[in-house]
Amino acid sequence: MKLDLLSSLYVFMLAAFIGFEVIRRVSPLLHTPLMSLTNALDAIAVVGAIILAGEHKSNLAAILGTIAIVAATSNVVGGFIITDRMLRMFKSSGPKKP
Amino acid sequence: MNNFAGADTLIEICYFIATALFILSLKWLSSPATARRGVLAGEVGMALAIGGTLLHHGIVDYKWLAIALVLGTIIGIPLGNVQMTAVPQRTALSHAFGALCVTLVGTAEFYLRAPDISPFMMTVLSMEVILGSLTFTGSLMAAGKLQEILPQRPITYKGQNFVNLGLLGSAVVVAGILVAHPEQMRLFPALIIVPLIFGVMLIIPIGGADMPTVISLLNSYAGLSAAAMGFVLNSKLLIIAGALDGSSGFILSVIMSKAMNRSFTNVLFGGFGQIQAAATGAKEARPVKSATPEEAASILSAANKVVIVPGYGMAVAQAQHKVRELYDALTKRGVEVTFGIHPVAGRMPGHMNVLLAEADIPYDKLLEMDNINGDLPQTDVALVIGANDVTNPAARTDASSPIYGMPILDVDKARTVMVIKRSMAAGFAGIDNPLYYLDHTLMLFGDAKNFVGNIVRELSGGDGHG
């Protein structure tokens, strides 16, 4: 158990560093899509909610878990849709457009 | 199907691949050329993770899962299809949803486990619930202000910081007691309610111009609360996704606060909105020069190099499509047109870029502040559309100005400056802008959309170079 927590801390630290290095390179042009994409990815919290609601260990847990799934799923779906919509709009001036 | 051997291994493999795909997703987002591939990677990773989770052996009740997943999808589709001008409030709303999910899961986990909770577990659980609840109400408040359901003006009162710190402090104290005595279960609701109030109080003093920083900060909080949830559930996938989101929000907050010349502690402790109080007085009527659309059109068509500086006013007036027509009309006449984008122009990071991209303006014409400032002294016309503070030369020259030291777009160095503005009323921050009184500045009074439309009409009317 203690070992689990420690390795989790290491994972967190490494992921934070990777996040810094990767995201630092994102062009300011794409900061809005970046935020909506990380928001969609962050909604991976839905997996915790699914287990909570599905295991049905108590009624409270099942109810809260179910609401949590709704909230997170709407982020997953909405986040990916809008990120893709935004990115489709970004065009280079390379070929001449009407 | 949830009982076959090896399901656990399969789930772990799904999570492992999903994690890698999430990191790749953000990596590919770094340039517009590969960005859509990044979204695809994120989607595949998400599908794998959710699909894998559904195999979990402990799941006994699929009916409600299905209902919840479908309901979430039904809500998510319209949220993904909002107008581009509504993106800031949509983003704030999605931070609220993410935080809601985290808070609810944290609450359920507490009541499932209490009173048998180790101090470390209780610490991360408290962090999860505190960050989650304050992000939930804070983001709802931000969304309300952006949607203009709530008054956009900052509301400040005496002792505001004291009240806020007191609220946050008492939440931390309650958390401390619960860490030492997890059997004191009746204290737990305070761990939710106090931060919920704190979230509201935190956003009350925030004005519109501070929104880019605030949204980034709430983004960071949402990510950190998800990472804390990962610790509680011992899910590496969640820890990593939360850490990525947290660091993304953190980086954006730092960029935004630098662009507004705020110190980092100022951001961390939510010390926004103080600027507004100062500098509303001393507004004697100084003479300004104004021009008509015809005059503006002839000056623009005589130029070789034009830099357009958009701000929130362009978004409010929905003028981006007219700006595109202006861009076309000038480009056709051989005028070189680029856009100068300040990091905090608009209401969220990258807001202007998205609106201009929506209007089909090529992204290689959208230049960052640092790249355009060197060009401005050789620019014939700088056309400011609905931007104010980010062009205020007082930030460079007047040490008594509340925005002194803030990096700005040096539009005053262009040969001619034209500013489209509704009236001479001071901007959102209530700070007078000396730019408007310069000898080579022309004020174009009117609604941004109409005015740009009129300039375009003039340009397409007379054809010869001016």
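**View 1. The open, parallel sheet of chain B in the predicted model**. In this predicted model, six strands of chain B form an open sheet in which the order is β3-β2-β1-β4-β5-β6 and the pairing is parallel.

**View 2. The pairing of β1 with β2 in chain B, and the helix that lies across them**. Strand β1 (residues 305–310) of chain B and strand β2 (residues 336–341) of chain B run parallel and are joined by four bridges. Within this pairing, B:I308 has B:F339 as its bridge partner in β2(B). Helix α14(B) lies across β1, β2 and β3 of chain B, and the direction in which α14(B) runs is at about 145° to β2(B). Both α14 (351–358) and β3 (366–368) of chain B are also among the elements that each supply at least two residues of the side of chain B that touches chain A.

**View 3. The contact between chain A and chain B**. Chain B contributes 96 residues to this contact, and chain A contributes 79 residues. On the side of chain B that touches chain A, at least two residues each come from α1 (7–28), α2 (35–54), α3 (62–80), α4 (87–113), α8 (211–233), α9 (236–259), α14 (351–358) and β3 (366–368) of chain B. The largest share of that side, 16 residues, is supplied by α4(B). Sorted by class, the side of chain B that touches chain A holds 55 nonpolar, 29 polar and twelve charged residues.

**View 4. Helix α3 of chain A against α4(B)**. Helix α3 (residues 46–55) of chain A packs with α4(B) at an angle of about 40°, the two axes lying 10 Å apart, and α3(A) and α4(B) are therefore oblique to each other. Their crossing is left-handed. From α3(A), the residues A:V46, A:G48, A:A49 and A:L52 meet B:C101, B:V105 and B:A108 in α4(B). The contact of α3(A) with α4(B) comprises six nonpolar residues and one polar residue, with no charged residues.

**View 5. Helix α2 of chain A against α4(B)**. Helix α2 (residues 31–42) of chain A also packs with α4(B), here at an angle of about 20° and with the axes 10 Å apart; α2(A) and α4(B) are therefore roughly parallel to each other. The crossing of α2(A) and α4(B) is left-handed. On the side of α2(A) the contact is made by A:T32, A:M35, A:S36, A:N39 and A:D42, and on the side of α4(B) by B:V87, B:T91, B:S94, B:H95 and B:G98. By class, the residues of the contact of α2(A) with α4(B) are two nonpolar, seven polar and one charged.

**View 6. Helix α4 of chain A against α2(B)**. The axes of α4(A) and α2(B) cross at roughly 165° and come within 9 Å, and these two helices, α4(A) and α2(B), are therefore roughly antiparallel to each other. The crossing in which α4(A) passes α2(B) is left-handed. Here A:V76, A:F80, A:T83, A:D84 and A:L87 in α4(A) meet B:A35, B:R36, B:V39, B:G42, B:E43 and B:M46 in α2(B). Six nonpolar, two polar and three charged residues make up the contact of α4(A) with α2(B).

**View 7. Confidence of the predictor in the two chains and in the complex**. Chain A has a mean pLDDT of 88, with 92% of its residues reaching 70 or more. For chain B the mean pLDDT is 87, and 92% of its residues reach 70 or more. Over residues 275–283 of chain B, however, the pLDDT is below 50, and this stretch has 16 contacts in the model beyond near neighbours in sequence. For the complex, the predictor gives an ipTM of 0.92 and a pTM of 0.88.

Methods: Residues are numbered from 1 along each chain as its sequence is written. Chains are lettered from A and ligands numbered from 1 in the order in which they are written. This is a predicted model: local features need pLDDT of at least 70, side-chain atom pairs count only at pLDDT 80 or more; totals for chains, interfaces and linings use all residues. Two residues are in contact if their C-beta atoms, placed from the backbone, lie within 7 Å. Ala, Val, Leu, Ile, Met, Phe, Trp, Tyr, Cys and Pro count as nonpolar, Asp, Glu, Lys and Arg as charged, and the others, Gly among them, as polar. pLDDT is the predictor's confidence in each residue, from 0 to 100. Axes are lines fitted to C-alpha atoms, for helices over the stretch in contact, and angles run from 0 to 180 degrees between N-to-C directions. Angles under 35 degrees count as roughly parallel, over 145 as roughly antiparallel, 65 to 115 as roughly perpendicular and the rest as oblique. A crossing is left-handed if the near helix is turned anticlockwise from the far one by less than a right angle, and right-handed if clockwise. Two strands pair if DSSP finds at least two bridges between them.
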